[in-house]
Amino acid sequence: MTSESCRNGTERCNEALQKLEKKYDVVVNIQGDEPLIEPEIIDGVVKALQAAPDAVFSTAVTSLKPEDANDPNRVKCVVDNHGYAIYFSRGMIPFNKSGKVNPQFPYLLHLGIQSYDAKFLKIYPDLQPTPLQLEEDLEQLKVLENGYRMKVIKVDHEAHGVDTPEDVGKIESLMRERNLS
């Protein structure tokens, strides 16, 4: 277990890494709220980080369902033309001036998996919390606000995050259907 002083999963990963005897180049964090993440996605975020020497962090996104567009538990992401994160938000991004979800736009849902460059992971806890990170309560924003780059891969994944107590029953049912329980 990690200490209660860790403010988020990235800090917990750093603390766990410091306790290990071995050295690692890349550390993967699969958040507990993403229990059905596929092995190919894990491999994908690691390979994306290794292939992007200017990135210190990588993550995955998938298509956002229109009905999840306004759910603050579904973190949205926008990326640039080279596959690097521009921003993450609990709100709808991009937000068009009509205020309505555009069913033709490819909105992206952030998945609960990250890979980190182990050297960057060691300095992350020393970076001061940032205004956007604190406002959105998203640790990825501290990385971006401090000028670091984050590689993003798009995957075909039926996201079933566990964000509320009601989600637990849904996941348990899906796991039984897939013989994963």
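# Briefing on a predicted single-chain model

The chain exposes about 10500 Å², and carbon and sulfur atoms supply 52% of that area. The model is a predicted one. Its secondary structure comes to six helices and six strands, which follow one another from the N terminus in the order α-β-α-β-β-β-β-α-α-α-β-α. The radius of gyration of the chain is 16 Å, close to the 16 Å that the globule rule gives for 181 residues, so the chain is as compact as a globular protein of that length.

**Overall form and charge**

- Taken along the principal axes, the C-alpha atoms of the chain fill a box of roughly 50 × 40 × 30 Å.
- Of the 181 residues, 45% count as buried.
- Among contacts with a separation of 6 or more, 65% are made by residues 24 or more positions apart.
- The chain carries 21 positive and 29 negative side chains. The centres of these two sets lie 3 Å apart.

**Nonpolar cores**

- In soluble globular proteins, nonpolar side chains tend to be buried together.
- The largest nonpolar core of this chain has 23 residues. Val 27, Phe 57, Phe 88, Phe 120, Val 143 and Met 150 have the most contacts inside it.
- Several elements each supply at least two residues of this core: helix 1 (9-19), helix 3 (118-123) and helix 5 (139-145), together with strand 2 (55-63), strand 4 (85-89), strand 5 (108-117) and strand 6 (149-154).
- Another core, of nine residues, lies apart from the largest one. Val 45, Ala 48, Ile 153 and Val 155 are among its members.
- Phe 57, one of the residues with the most contacts inside the largest core, touches Phe 120, Val 143 and Met 150, among others, when residues up to four places away in sequence are not counted. Its partners also include Thr 10, Leu 49, Gln 114, Ser 115 and Tyr 116, as well as Gln 140, Arg 149 and Lys 151.

**Helix 1 and its surroundings**

- The buried residues of helix 1 are Gly 9, Thr 10, Glu 11, Cys 13, Asn 14, Glu 15 and Leu 17.
- These buried residues pack against strand 1 (26-30), strand 2 and strand 5. They also pack against helix 3 and helix 5.
- Leu 121 lies in helix 3 and, at 0% relative accessibility, counts as buried.
- Leaving out residues up to four places away in sequence, Leu 121 touches Thr 10, Cys 13, Asn 14 and Leu 17, along with Val 27 and Tyr 116.
- Leu 121 and Leu 132 are eleven residues apart in sequence, and their C-alpha atoms are 20 Å apart in space.

**The loop between strand 2 and strand 3**

- Arg 74 lies in the loop between strand 2 and strand 3 (76-79). Its relative accessible area is 13%, so Arg 74 counts as buried, the cut-off being under 20%.
- The C-alpha atoms of Arg 74 and Glu 136 are separated by 12 Å, while 62 residues separate the two along the chain.
- Asp 71 lies in the loop between strand 2 and strand 3 as well. With a relative accessible area of 25%, Asp 71 is partly exposed.
- Asp 71 touches Lys 76 and Arg 90, not counting residues up to four places away in sequence.
- Asp 71 and Tyr 87 are 16 residues apart in sequence and 17 Å apart in space, C-alpha to C-alpha.

**Backbone geometry**

- Most residues other than glycine have a negative phi, and most peptide bonds are trans.
- Ile 93 and Pro 94 are joined by a cis peptide bond, with omega about -10°. Pro 94 lies in the loop between strand 4 and strand 5.
- Asp 137 has a phi near 60°, a positive value in a residue other than glycine.
- Asp 137 is located in the loop between helix 4 (131-136) and helix 5. Its relative accessible area of 60% makes Asp 137 an exposed residue.

Key: Residues are numbered from 1 along each chain as its sequence is written. This is a predicted model: local features need pLDDT of at least 70, side-chain atom pairs count only at pLDDT 80 or more; totals for chains, interfaces and linings use all residues. Side-chain values use heavy atoms; hydrogens and water are left out. A nonpolar core is a set of buried Ala, Val, Leu, Ile, Met, Phe, Trp, Tyr and Cys residues joined through side-chain atoms within 4.5 Å. Buried means under 20% relative accessible area, exposed over 50%, partly exposed in between (1.4 Å probe, protein chains only). Helices (H or I, at least four residues) and strands (E, at least two) are DSSP runs, numbered from the N terminus. Contact means heavy atoms within 4.5 Å. The radius of gyration is taken over C-alpha atoms; the globule rule is 2.2 Å times the number of residues to the power 0.38. Accessible areas come from the Shrake-Rupley method with a 1.4 Å probe; for residues, only the protein chains shown count as cover. Lys and Arg count as positive and Asp and Glu as negative; His and the chain ends are not counted. The place of a charge is taken as NZ of Lys, CZ of Arg, CG of Asp or CD of Glu.
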